[in-house]
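The entries follow in the order in which I looked things up.

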Amino acid sequence: ELSLLGYSGLIPFFVGTLMTFVDNGPNAFLGASIVIAYGTVIVSYMAGMGAGALIVKDKPAGRPLLPGMICTLIVWIATLGFLLNGKMIVGATAMIAMIATFAYLLFIDLVAVEKGGLPDWYGPLRIRLTIGACSALALASFRSLTL
């Protein structure tokens, strides 16, 4: 079931976020790293799903391809910046970029659902999963700014 997989996919976001609140040292940094690395993977996955939806023979999603790819590159650059300098403020910036990207990808998915390019059940699931992921990212970002 796709719903179960989707909700299970929120676990790393919340585990990493919880770790940022454990202490002000290595656990917080590790938690932020988990959230950022996992968020980058999921952003790439969601953008890739959108690209895949464009090539469905019977019902192409009718969504733009380039903006999703640009979002993925922005998140990758922000993640790379965090990995190269290890500063939590850069990590918070990467998480904020992910929130914006998830919101954008949700928007174009909802438009594709409305146009019949994606199944009707997909929109409500994407809304709930995006809220979950963005909530964890917002909490971890806020915590990262206070360290």
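Predicted model: local features only at pLDDT ≥ 70, side-chain atom pairs only at ≥ 80, totals over all residues.

F13 and F102 form an edge-to-face aromatic pair, with 6.2 Å centre to centre and 80 degrees between the planes. I note that the angle is over 60, so the pair counts as edge-to-face. F13 belongs to helix 2 (residues 11–20) and F102 to helix 5, so the pair ties together parts that lie 89 residues apart in sequence. I also recorded that F13, F102 and Y38 form one aromatic cluster.

Next I turned to F29 and F82. Their rings form a tilted aromatic pair, at 5.3 Å centre to centre and with 35 degrees between the planes. F29 is in helix 3 (residues 26–54) and F82 in helix 4 (residues 66–85), and the pair thus links distant parts of the chain, 53 residues apart. For the aromatic pairs I noted a count of four.

Last, I examined the packing of helix 5 (residues 88–114) with helix 6 (residues 122–146). Their axes are 9 Å apart, at an angle of about 170 degrees. Helix 5 is therefore roughly antiparallel to helix 6. I sorted the residues of this contact by class: 19 are nonpolar, four polar and two charged.

Technical notes:
Residues numbered from 1 in each chain as written. Heavy atoms only, no water. Axes fitted to C-alpha atoms, helices over the stretch in contact; angles between N-to-C directions. Helix = DSSP H or I, 4+ residues; strand = E, 2+ residues; numbered from the N terminus. Parallel < 35°, antiparallel > 145°, perpendicular 65-115°, else oblique. Nonpolar A, V, L, I, M, F, W, Y, C, P; charged D, E, K, R; others polar. Phe/Tyr/Trp six-rings, centres within 6.5 Å; stacked < 30°, edge-to-face > 60°.
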